[in-house]
Amino acid sequence: MRVSLKCWIALFMATAQPALAAEDPLLPAGDTELVKTIDDRHNRMTVPVQIGAHGPFRFLIDTGSERTVLSRQVAATIGLPIAGNGVVVGVAGSQAVELVDVEEISLGKRTYYTLSAPLLEQQHIGADGIVGLDSLQDQRVLIDFPTDTITIGDAASLGGSRGFEIVVNARRRSGQLIMTNAVVDGVHTDIVIDTGSDSSIGNMALRNALTRRRKAEQTVLYSVTGQQLNADLIMASTIEVAGLQLHNTFMAFADSPAFHRLELVKRPAMLLGMAQLRMFRRVAIDFAKRRILFDLPSGIASADRKGPALRIQ
């Protein structure tokens, strides 16, 4: 079997839905920005972005991408000159790219200044650009799946830990947050939340630990750089994070440059994509406090940490 998985080290956002009612105890308050979003065909999310006086453009918000990226077509439309050259590391390989200087980019009411952005082809990104970690540091990104909204702000204005059953401390590497207490079919595994990928990707160390127990099919990973990478497709019976179990999860496995970039090669590791994140009601990625917070779906109650693990099929 050959399965095509659209995967990236990048992006995130979702359809305009009614905002939470004012009396809702989970309503964010204070200096926050509620961004209404639109689902793309790969189950990721896009958000309207202004570049100076131009736009709005449809960007992906990617907690796996170190840099904010523009499509070559958008840069040409608004007349941004080439300012240099660089190398982008994607899920399927490295690629030389041209860079442009972006003086001002706005997401809702938040504006970021003086970014150096790589240029990639719009057809490979699947959007006009990518909002990366260089525009998200020191913020909390709150993804609410039932209302298809994303809220950006500090932890206090977004309610702290209120309403979240699971709070996981993470360590930071190259701007990304890495959870180190996950277990995949009995194998201790590092996990990076990757809102730019529709599916989850494991490294070779994790594949080698699981292959003895699973027969692998073949698949292909497609990167925002336009490159492709052959991969093995294996079903993980259980992914456990902080007492919560996700069951029967398909994962692609490849020796991706992404893991080398993050120095996640020797230990089992994986990028957790949108298909799995959508199993939760809300997910908050708090870069300032280095925490990932999970709000369980309706009908699944929180449990004592010493009790049985929670299960999501």
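Visitor: Does D148 count as buried or exposed, and at what relative accessibility?

Guide: D148 counts as buried, because its relative accessibility is 11% (buried is under 20% relative accessible area, exposed over 50%, partly exposed in between, with a 1.4 Å probe and protein chains only). The model is predicted, so local features need pLDDT of at least 70 and side-chain atom pairs count only at pLDDT 80 or more, while totals for chains, interfaces and linings use all residues. Residues are numbered from 1 along each chain as its sequence is written, and side-chain values use heavy atoms, with hydrogens and water left out.

D148 sits in the loop between β11 (140-144) and β12 (149-153) (strands are DSSP runs of E of at least two residues, helices runs of H or I of at least four, numbered from the N terminus). Its phi is positive, about 50°, although D148 is not a glycine. Most residues other than glycine have a negative phi. T114 also has a positive phi without being a glycine, near 55°. The setting of T114 is strand β9, and T114 is exposed because its relative accessible area is 69%.

Backbone geometry supplies one further item. Most peptide bonds are trans. The bond joining G55 and P56 is cis, with omega about 10°, and P56 belongs to strand β5 (residues 54-61).

V47 is in strand β4 (residues 45-51). With a relative accessibility of 1%, V47 counts as buried. Its C-alpha atom is separated by 6.3 Å from that of L60, although V47 and L60 are 13 residues apart along the chain.

Another loop aspartate is D185, between β15 (176-184) and β16 (187-193). D185 is buried as well, because its relative accessible area is 12%. Its side chain reaches two backbone nitrogens: that of S237 at 3.0 Å and that of T238 at 2.7 Å.

The largest cavity has a volume of about 60 Å³, the space filled by probe spheres set on points joined across faces, edges and corners. I166, I239, V241, L244, L246, L272, F280 and F294 line the largest cavity. Among the elements, β19 (228-241) and β20 (244-253) each give two or more residues to this lining. The lining consists of eight nonpolar residues, with no polar and no charged ones (Ala, Val, Leu, Ile, Met, Phe, Trp, Tyr, Cys and Pro are nonpolar).

Two residues of that lining, F280 and F294, also form an aromatic pair. The count comes to one such pair (ring centres of Phe, Tyr or the six-membered ring of Trp within 6.5 Å; planes under 30 degrees apart are stacked, over 60 edge-to-face, the rest tilted). F280 and F294 are tilted, at 4.7 Å centre to centre with 40° between the planes. The pair links distant parts of the chain, 14 residues apart: F280 in the loop between α5 (274-277) and β22 (282-286), F294 in strand β23 (residues 291-295). Both F280 and F294 are buried.

Key
On a 1 Å grid over the protein atoms alone, a cavity is a set of points where a 1.4 Å probe fits but cannot get out, and a pocket is an open set with protein on both sides within 12 Å along at least five of seven lines; lining residues have an atom within 4 Å of a point. A polar contact is a pair of N or O atoms within 3.5 Å; within protein, one must be able to donate a hydrogen and the other to accept it, and residues adjacent in sequence count only if both atoms are side-chain atoms.
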